[in-house]
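Thanks for coming. I will go through one model today, starting with a single chain and then moving to how the chains meet.

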Amino acid sequence: MDMHAAKKKMSLKEKYAHMTRGLDWETSYQSPEKVFPQASFEGIKIHDWDKWEDPFRLTMDSYWKYQAEKERKLYAVLDAFAQNNGHLGVTDARYINALKLFLTGISPLEYVAHRGFAAAGRNFPGVGPRVACLMQSLDEIRHAQTQIHALSNYNKHYDGFHDFKHMLERVWYLSVPKSFFDDAFSSGPFEWMIAIGFSFEYVLTNLLFVPFMSGAAYNGDMATVTFGFSAQSDEARHMTLGLECIKFMLEQDPANLPIVQKWIDKWAWRGIRVLTLVGMMMDYMLPKRVMSWKEAWEIYFEQNGGALFGDLARYGITVPKCITQCTIDKEHISHQAWATFYQYGGAAAFHTWMPSDEEMDWLSAKYPNTFDKYYRDRFTYWREQAEKGNRFYTNTLPMLCQVCQIPMLFTEPDDPSQICYRESDYEGEKYHTCSDGCKAIFDDEPQKYIQSWLPVHQVYQGNCFPEGTDPTVAGFNPLAKVLEWYHLEHGKDNLDFEGSRDQKNFDLWRGMATKNT
Amino acid sequence: MHIDLRTVAIKPVRQTFDHIVRRFGDKPASRYQEGTYDLQQTDIFHYRPLWEPELQLFDKRRSKVEMKDWYALKDPRQFYYGAYTIARARQQEAAESSFEMIEERGLADLLPAEVKQLALDILVPMRHVEWGGNMGNSYITAYGYGTAITQPCLYHAMDHLAVAQYLSHVGLVLDGAEALDAAKEAWMNGALWQPMRRHVENVLVVQDWFEIFVAQNLVLEGLSYPLLYDYLDADFSANGGTVISMMTRFMSEWADETGKWVDAQIKVAAAESAQNKALISDWVKQYRAPVLEALTPIAARAFGDKADSVLSEITDQFNARCTKLGLVL
Amino acid sequence: MSTVFIAFQTNDDTRPIIEAILADNPHAVLDEQPAMVKINAEGQLVIKRATIEELIGRDFDLQELQINLITLSGHLDEDDDQFTLAWK
């Protein structure tokens, strides 16, 4: 057996190459164009798929081994959390509203990412990227399911979680994340990779998960910390895939550069707009704050993204053109978004509230240039009104941007007191957007964005009432009917946190745990 | 302050999510149920896909098979991601220890030359067929309808990748990297493999995802797995080739397990309507012929003059299986 | 030069990994956050299998890093002996 003892153990790189590369072949009974019908319509030119470098070299057996270990650990924590009523250990029940936003706005999109990466994993002609995309597809269904399983216990005890898939498709603010993923999946496979694989996973995901999960840790929610960090461990693989993909496209043909740059500009802006919701969550919804949205933005976008784009400069890639606007926006967007949700709190599936004085002091300290100057007085006034029993709700619905679908709440880059509107004409119709970034996206592909199913337009067109609704009857209350169509339970899922069922139950249950009654 | 939260008996406001309640009532739901039912979006898509503008992102019209409720196609194994990976991790641990023992002790050197050559000629080129299985099932995951069927198809796709990698490992153990080159050459140009390659490529361009499910998961796997991992495996064991069986044990276990899942899908879809039944039966007949044609030279190499009787036994068993599922062949 | 980073969950498995990284990368800076440890380093960061093995007294496969990994930045190059993050 000496011969065997002498045989060198295969290295990781060699093993992966033998196990994966070479599985595919150039088809001859069917043309490659028929086998890979989506490979060329976007205009990206690839000359040699074998030049693809696999960043993580996982064979399926190792994948199962490591992922199963993660799953065992995660579900042990979730079981313990449920058995021990872990939800009563969070700082206060306001925190739970951040989780509602997560389950209704993020988890169903993890699912769409799963389907989209399966498509990419079928459609690329190279075996390397295909295997990496399929593993990501598998990870994404993991994320959807572990999030649902972790938050399932919250759903049993609190409102707002109970019909997340139905709400995602219908509720006005949830069309923001939904349309983002619909947009990416309805594009071709290369744009999908720039949209989700690169822009979202590499440039922006840290801004979503790291602050969210550190926030959960600060606020005593170990179930969420565990699913979040466990999901992030896959994210490191996804980020390297996204980065490899962009390098590969740029190295294959110089003609790919302008297409890739256009997609980076588009998807960076699309993603940043969606993250407005995260900014609001960080600054307003966590009872115990980790860092401000602005700080997270500076660490994870400006510093880290700066290093990334510095590196990509050798291919001719430039920093996304929205960067100037973002530098202004980071001081404002979380406050503007929260103000909007506070006013439209009658039509949101989570509770809203105004920050306490102590919380406002924190906001002043974190936003010395803007909070006191533009927002504090208004918020203080609203809070005082609410304390006097005049909690104010806007009973109409806001106008939405044709592209990002966020209400028109953002202000002009050079005037924070002026709401920003942009307008485009297409085939004799006018379309409204919230910013130069969204207008540029609209103008580049108007035939796509005129299709947007804008929830507020649809409400006004009468398309958002339960079947059999008669709007002509006396005393017809359109908003009530829309909420019914959303499956949003008025008085339970919506309105102010103060006086909510969540607040009462949490206090009652926690009282049972801490007092002898 | 330490709070012992466990001591609080509180009554939940609800047991599970509304879409699960609508299907099963307000009672505690399993992780499979919460992680599967109605997870795919069905309503209100914002943009038509650039790659298929006549349809929605998720669209029932991508198959001719029609179901009133696509979630009738449930997985009897109740695999969600965690259950799936933990089950496979257990199996891979057994496979890994077999490979380790064989490699450490040089057991492959003890194989009779004839057995080793047969494994190199028949098993190793199958890695390409497995890759085709991966592609078909990833297509279904992307374009199929309803998480109940698309989810296990991704698991199935990844299993095919794993089997392709196990078969590559068999080649490496038996004859190093040259084994993979020789298998690729046989796959591309050897007469023995051309009918199979033609068939696999033909399935790669099928558009109807349920048709792929039938062609790949029922017909191709239903006929080739018994041939390779049942009949041929028995021959290997009888002729001093237990080492080969050790390296392919995953595949025979896997075929048993996944066969039950495939059966459950076909049975429910065929029982739904006379139209589905006729459609699926026709697909089985349509794909059975080229698969048998492709397996004929392979069986001849493996079984010599017993090839005809082996193939006809396998065909009979397959036909009986389909009849039991309600198909008319 | 730009900063690369890597972050792990804070637990018993990652303690020796972090110790090894700090030993092998004197220029690295530790940033402890709730439930998470982040290590920042100018230019590049190298994780060596041998150093981790010395600390834990058993064989270690660098792919095991993935179990507790939270995030990273920089180009990744991984082989059997080391895991390198760098901006080129």
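Read from the N terminus, chain C runs β-α-β-β-β-α-β-β-β. That gives 2 helices and 7 strands, where helices (H or I, at least four residues) and strands (E, at least two) are DSSP runs numbered from the N terminus. The radius of gyration of chain C is 12 Å, close to the 12 Å that the globule rule gives for 88 residues, so chain C is as compact as a globular protein of that length. The radius is taken over C-alpha atoms, and the rule is 2.2 Å times the number of residues to the power 0.38.

Before going further, the conventions. This is a predicted model, in which local features need pLDDT of at least 70, side-chain atom pairs count only at pLDDT 80 or more, and totals for chains, interfaces and linings use all residues. Residues are numbered from 1 along each chain as its sequence is written, while chains are lettered from A and ligands numbered from 1 in the order in which they are written.

Back to chain C. Its C-alpha trace spans about 35 × 30 × 20 Å along the principal axes. Of its 88 residues, 38% are buried, meaning that 20 or more other C-beta atoms, placed from the backbone, lie within 10 Å of the residue's own.

Chain C has an open sheet of 3 strands in the order β4-β7-β6, with antiparallel pairing. Strands β4 (44–48) and β6 (75–78) of chain C are at the edges with a single partner strand each, so one side of each has no neighbour in the sheet. From one strand to the next the twist averages 10°, with axes as lines fitted to C-alpha atoms and angles from 0 to 180 degrees between N-to-C directions. β4(C) pairs with β7 (residues 82–86) of chain C over 5 bridges, in the antiparallel sense; two strands pair if DSSP finds at least two bridges between them. Within that pairing, Q44(C) is opposite A86(C) in β7(C).

Now chain A. It holds 23 helices and 4 strands. For 517 residues a compact globule would have a radius of gyration near 24 Å, and chain A agrees, with 24 Å. Buried residues account for 58% of the 517 in chain A.

On confidence, the average pLDDT of chain A is 93, and 98% of the residues score at least 70; pLDDT is the predictor's confidence in each residue, from 0 to 100. Residues 1–6 of chain A have pLDDT below 50, and beyond near neighbours in sequence this stretch has 3 contacts in the model. Where pLDDT is low, the predicted coordinates should not be read in detail.

Which chains share the most contacts? Of the 2 pairs of chains in contact, chains A and B do, a contact being two residues whose C-beta atoms, placed from the backbone, lie within 7 Å. That contact takes 74 residues from chain A and 71 residues from chain B. On the chain A side, α7(A) gives the largest share, 14 residues.

Between chains A and C, 29 residues of chain A are in contact with 23 residues of chain C. Here the largest share on the chain A side, 8 residues, comes from α11(A).

Finally, chains B and C do not touch, and their nearest C-alpha atoms are 14 Å apart.

Definitions and conventions: A residue is buried if 20 or more other C-beta atoms lie within 10 Å of its own, exposed if 12 or fewer, and partly exposed in between; C-beta atoms are placed from the backbone.
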